Amino acid sequence: MPNRLAHETSPYLLQHADNPVDWWPWSADAFEEARRSGKPVLLSVGYSSCHWCHVMAHESFEDQETADYLNAHFVSVKVDREERPDVDAVYMEAVQAATGQGGWPMTVFLTPDAEPFYFGTYFPPAPRQGMPSFRQVLEGVHSAWTDRRDEVAEVAEKIVRDLAGREIAFGDTQVPGEEELAQALLGLTRDYDSVHGGFGGAPKFPPSMAVEFLLRHHARTGAEGALQMAADTCERMARGGIYDQLGGGFARYSVDREWVVPHFEKMLYDNALLCRVYAHLWRATGSDLARRVALETADFMVRELRTNEGGFASALDADSDDGNGKHVEGAYYVWTPAQLREVLGEQDAELAADYFGVTAEGTFEEGASVLQLPQSEGVFDAERIASIRARLLEARGERPAPGRDDKVVAAWNGLAVAALAETGAYFDRPDLVEAALGAADLLVRLHLDEHARLARTSKDGRVGANAGVLEDYADVSEGFLALASVTGEGVWLEFAGFLLDHVLVQFTDEESGTLYDTAADAEKLIRRPQDPTDNATPSGWSAAAGALLSYAAQTGAEPHRAAAERALGVVKALGPRAPRFIGWGLATAEALLDGPREVAVVGPVDDPATKELHRAALLATAPGAVVAVGAPDSDELPLLAERLLVSGEPTAYVCRNFTCDAPTTDVDRLREALGR
């Protein structure tokens, strides 16, 4: 008999719908049942493309004996961290505070009042490497709950008290200035891996937000070292195994510092952020590699992640069938010399092995290699390589594909909208702009209610029950603002305004200006989550600061600019100390220091001169510059108001900090004014 997860929209929860464990989704009813039955709650948090979540599910949650014990002694609650980032954040903070580390699957035992008292991550089915088995953990918790209930209650109360005491001391009421951004650059330089690119050691994550800061810092100050770190890191990643050399797109992270062996899951958010970063790197340098990677990554997102409704799916799994009925990590992506010969014949296989770094020993497991581009020297026949790549991609398409997590997450779709809109505009790919418009349209039609409140997720055209969190409002606004700059359609600026008004009212502390991850009227958890640090994605806090600043530049809205400046106080505090973990905040601070510049292009929409000025404005490297384009009498966008043609020709206006340059009809003058 399926448990209560059968009607959920989360693919992760649906994967557990046939477990013998009597799962509940996170709900008031689950905790009511715990109170009624006097049982503690087992909270298990994971996500659909998480390798060890699948392992623990197979070993423990699909095991009848384990399920019987859980059903007898616990109320079991399953949460998809991607649907409920607020629940995940609150209990992950508790796990990290108690154990010094965290991760998924996350296993937490709670009282019926949702107070945590025992924590862990993955537990094996039998004791190993000093870890107790899952069954031993369950028996130990059951025994403590039965025999020492008062002690458990005291521990839970203390944990909740300690968490409440961790409220963020707001960094500063001042915005970060030249000094803090220079210190942040110095901090990144210290952490920089000058041999392999990127920051720190293994495992190595793609530092998209830090790279965006480096590109903006170089554009504003001319610091060559910043551009060098950005360009070298992007080249190393693009040549490594973390990048899919056949199909485009990036894996989640590299297990080694050389970018060779990835953790093979592919996330929408990584690819959206990296697509945009490579497009911006091309904008700054004209690099052919950056152009290729930006376009291949955009094409990967549209080809493999776009849903029937026009949104973008969350992720592709790391694991897939190896052809022998076994689910193996990376099976879809890796190659042996024998497999190359089978597809390509002897001579082309030899060339492919040389070109992609496929060795007899292998760079991954069991003699297989992850494809890379290790050759920085040497000349290869481009046509022959293109043919090899096409044949390998076609052959790979015959392999069992990794599973896809089809849920549409508002925040990550906002990031994809921004990336596809800009990449389409830079490289004259209207199909990519159309894909961005399709996803934006879905967000408006399905995720936005009549009060302009956002739902976090949808699946198969059905909206999920969970309210949007700060990152949803901020990243969707970011996407809409990028669309407004690219298309000149004022409706996207209006929608961004509706969302950012919610940020001001529902997510901002009136007195301090600090931002919370959940709305004031959201479900009350044991504490209200609040995290300004950028991790895999921009924090809601950083993303909101960026979107508020851009919106204020487009509209002149003073409350939005003031809110952005207040939010950036935390960057003044954290930027010099932990620049790797506040990259988007630093990038936004660069925009603030540069103005940001406001560019209005007026002229008949189909006039080639208007298009040329608009393109020059979009290709400006000036940090965070906003662009409005439209006919001289247009009321689509506030920046166009009262802008006249000069001598009857399409004209560009550039303003910053309440001061405007003389209008120009000359595209080279415009480029000069915008730092190109």
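This is a predicted model: local features need pLDDT of at least 70, side-chain atom pairs count only at pLDDT 80 or more; totals for chains, interfaces and linings use all residues.

Entry 1: E13 and strand E14 (residues 457-459) run antiparallel to each other and share two bridges. Zooming out, I saw three strands in an open sheet, ordered E13-E14-E15, with antiparallel pairing. Strand E13 (408-409) and strand E15 (462-463) sit at the edges with a single partner strand each, so one side of each has no neighbour in the sheet.

**Entry 2: a lysine.** Next I went to Lys-39, which is in the loop between helix H2 (28-37) and strand E2 (41-46). Is Lys-39 buried or exposed, and what is the nearest side chain of opposite charge? Lys-39 turns out to be buried, and Glu-33 is the nearest side chain of opposite charge, 5.5 Å away. A salt bridge needs the charged atoms within 4 Å, and Lys-39 has none. What its side chain does reach is the backbone oxygen of Asn-71, at 3.1 Å. Leaving out residues up to four places away in sequence, I noted that Lys-39 touches several others, including Ala-34, His-73, Phe-74, Pro-112 and Trp-145.

Entry 3: Last stop was helix H18 (residues 470-487), with 18 residues. From first C-alpha to last, H18 reaches 26 Å, close to the 26 Å expected at 1.5 Å a residue. I checked how covered H18 is: 17 of its 18 residues are buried. Just after H18 comes Gly-488, and I wrote down its positive phi of about 75 degrees.

Methods
Residues are numbered from 1 along each chain as its sequence is written. Side-chain values use heavy atoms; hydrogens and water are left out. Two strands pair if DSSP finds at least two bridges between them. Helices (H or I, at least four residues) and strands (E, at least two) are DSSP runs, numbered from the N terminus. Buried means under 20% relative accessible area, exposed over 50%, partly exposed in between (1.4 Å probe, protein chains only). Lys and Arg count as positive and Asp and Glu as negative; His and the chain ends are not counted. A polar contact is a pair of N or O atoms within 3.5 Å; within protein, one must be able to donate a hydrogen and the other to accept it, and residues adjacent in sequence count only if both atoms are side-chain atoms. Contact means heavy atoms within 4.5 Å. The expected span of a helix is 1.5 Å times one less than its number of residues.
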